[in-house]
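Please keep the sequence and the structure in view while reading.

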Amino acid sequence: MPSTLLAKPNINNLLSSTAMALCSAFCPRISANFRPKPFSSSPSKPLLSLSFKVFSSQATDASSQDKFSGRVGFLGLGIMGSPMAQNLIKAGCDVIVWNRTKSKCDPLISLGAKYSSSPEEVAANCDVTFAMLADPESAIDVACGKNGAVSGMGPGKGYVDISTVDVATSKLINEHIKARGALFLEAPVSGSKKPAEDGQLIFLTAGDRSLYELVSPLLDILGKSRFYLGEVGNGAAMKLVVNMIMGSMMASFSEGILLSKKVGLDPSVLVEVVSQGAISAPMYSLKGPSMVKSQYPTAFPLKHQQKDLRLALGLAESVSQSTPIAAAANELYKVAKSYGLSDEDFSAVIEALKAKSQDTA
Ligand SMILES: NC(=O)C1=CN([C@@H]2O[C@H](COP(=O)(O)OP(=O)(O)OC[C@H]3O[C@@H](n4cnc5c(N)ncnc54)[C@H](OP(=O)(O)O)[C@@H]3O)[C@@H](O)[C@H]2O)C=CC1
Ligand SMILES: O=CCCC(=O)O
């Protein structure tokens with residue numbers, strides 16, 4: 001963001017300054033690590049929003065370029081990839097898309113995206129290519145497999161993998177991209193379907209800093225904050241730790257809902273009590289009401305949560321860290337998968353507990 005724009009007085013910058021001042025006054029340690037960014041002037045974002053963009057002190061300063069003028073590739077148009085690619089197109093970026101199931105490209109093509117028939121072709125035709133794929137296997141296949149993105153990479157190009165994968169996978173893709181003389185950034189995201197639609201994701205990046213700086217204007221279209229965490233693997237590790245906590249929280253919340261009901265309490269009241277206390281989390285307020293109604297509209301597929309727990313347990317194993325709670329949660333998600341709930345929202349893990357109660361009744 002050029003300094004002239006930073007200095008421009010407007011209501012959004014005033015709100016950012018106010019937020020910063022409040023942070024400094026009440027949370028000096030937080031304000032040392034975070035600096036609010038001025039609001040983007042994107043028309044899709046409300047002028048008087050109370051949220052603000054932040055970046056870590058480990059990241060570049062606010063002088064990173066304001067606009068990315070190159071061509072952007074996007075591979076993987078699932079629940080997350082589709083709205084993210086859509087936001088890039090709506091922000092005026094020149095986007096080329098590819099997805100294994102081609103029909104998912106059609107809505108983006110009607111919004112103005114171009115289509116290429118392989119990851120290799122996308123990478124060859126773009127300056128930077130983003131990949132948002134299901135798991136380590138698909139991330140490796142799309143990058144390094146036949147007609148994969150690596151074959152289209154070369155000096156001056158960048159590959160940004162935003163899929164949630166393990167450290168080894170990220171390092172492997174990095175090596176292949178580097179061997180082509182290109183740059184690599186891992187950038188998994190925290191935040192689900194709605195934050196993806198609203199451009200409110202949190203990026204956990206690591207890898208080539210020059211690529212991080214180059215694509216920061218794009219990350220700022222897609223997200224509300226970005227962290228630069230150093231060498232490749234740190235972004236993947238951070239994401240897995242966050243999702244390990246989330247998976248355990250959801251399993252524990254599910255137990256609470258079912259126990260409250262069994263002892264004659266109204267679980268909807270439990271959700272409200274939780275939302276007002278110290279353990280309040282947006283996830284509980286967001287998912288609780290539909291869980292009480294046994295409805296699980298998919299934002300984050302249960303199969304991906306179980307994958308993340310599995311990968312987090314592997315990470316813990318690699319450093320001999322004990323994680324018994326995550327291990328127990330993982331078992332529950334595996335049971336839920338065996339009941340055919342893989343493509344439901346991860347909150348459907350509660351169904352595995354319901355089934356277990358019947359087993360023991
Ligand atoms: N949903 C969420 O809330 C969040 C998800 N994530 C992570 O982001 C990633 C994507 O998640 P999400 O969009 O929800 O997942 P989806 O299951 O909706 O989409 C997965 C994407 O991967 C593609 N894919 C799967 N297998 C292959 C393969 N073998 N070869 C090529 N392409 C393949 C799918 O293609 P096709 O359409 O052909 O099936 C699709 O584009 C995951 O790593 C997930 O853990 C991160 C944050 C939040
Ligand atoms: O990986 C999925 C994360 C979902 C979320 O952060 O809400």
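## Basis of the report

The model is predicted: local features need pLDDT of at least 70, side-chain atom pairs count only at pLDDT 80 or more, and totals for chains, interfaces and linings use all residues. Residues are numbered from 1 along each chain as its sequence is written, while chains are lettered from A and ligands numbered from 1 in the order in which they are written.

## Domains

The protein chain is divided into domain 1 (3-56), domain 2 (71-230) and domain 3 (238-360); such bounds come from an automatic or database domain assignment. Between the C-alpha centres of domain 2 and domain 3 the distance is 29 Å. Their contact takes eleven residues from domain 2 and eleven residues from domain 3, where two residues are in contact if their C-beta atoms, placed from the backbone, lie within 7 Å.

For residues 71-230, an unreviewed UniProt entry lists "domain: 6-phosphogluconate dehydrogenase NADP-binding". UniProt positions are given in the numbering used here, feature names are shortened, and annotations may be inferred rather than shown by experiment. Over residues 71-230 the chain is 42% helix and 24% strand; helices (H or I, at least four residues) and strands (E, at least two) are DSSP runs, numbered from the N terminus.

## The two ligands

Ligand 1 is surrounded by 26 residues, and the closest are G78, R100, T101, S192 and F300. A residue is counted as near a molecule if its C-beta atom, placed from the backbone, lies within 6 Å of it. Because domain 2 and domain 3 both give residues to this shell, ligand 1 lies between them. Helix α7 (residues 136-144) supplies the largest share of the shell, three residues.

Around ligand 2 are T164, S190, G191, S192, N243 and F300. This shell divides into one nonpolar, five polar and no charged residues. Here Ala, Val, Leu, Ile, Met, Phe, Trp, Tyr, Cys and Pro count as nonpolar, Asp, Glu, Lys and Arg as charged, and the others, Gly among them, as polar.

## Serine 190

S190 is found in strand β9 (residues 189-190).

Not counting residues up to four places away in sequence, S190 touches L201, I202, L204, K239 and V242. S190 and S225 are 35 residues apart in sequence, and their C-alpha atoms are 9.9 Å apart in space.
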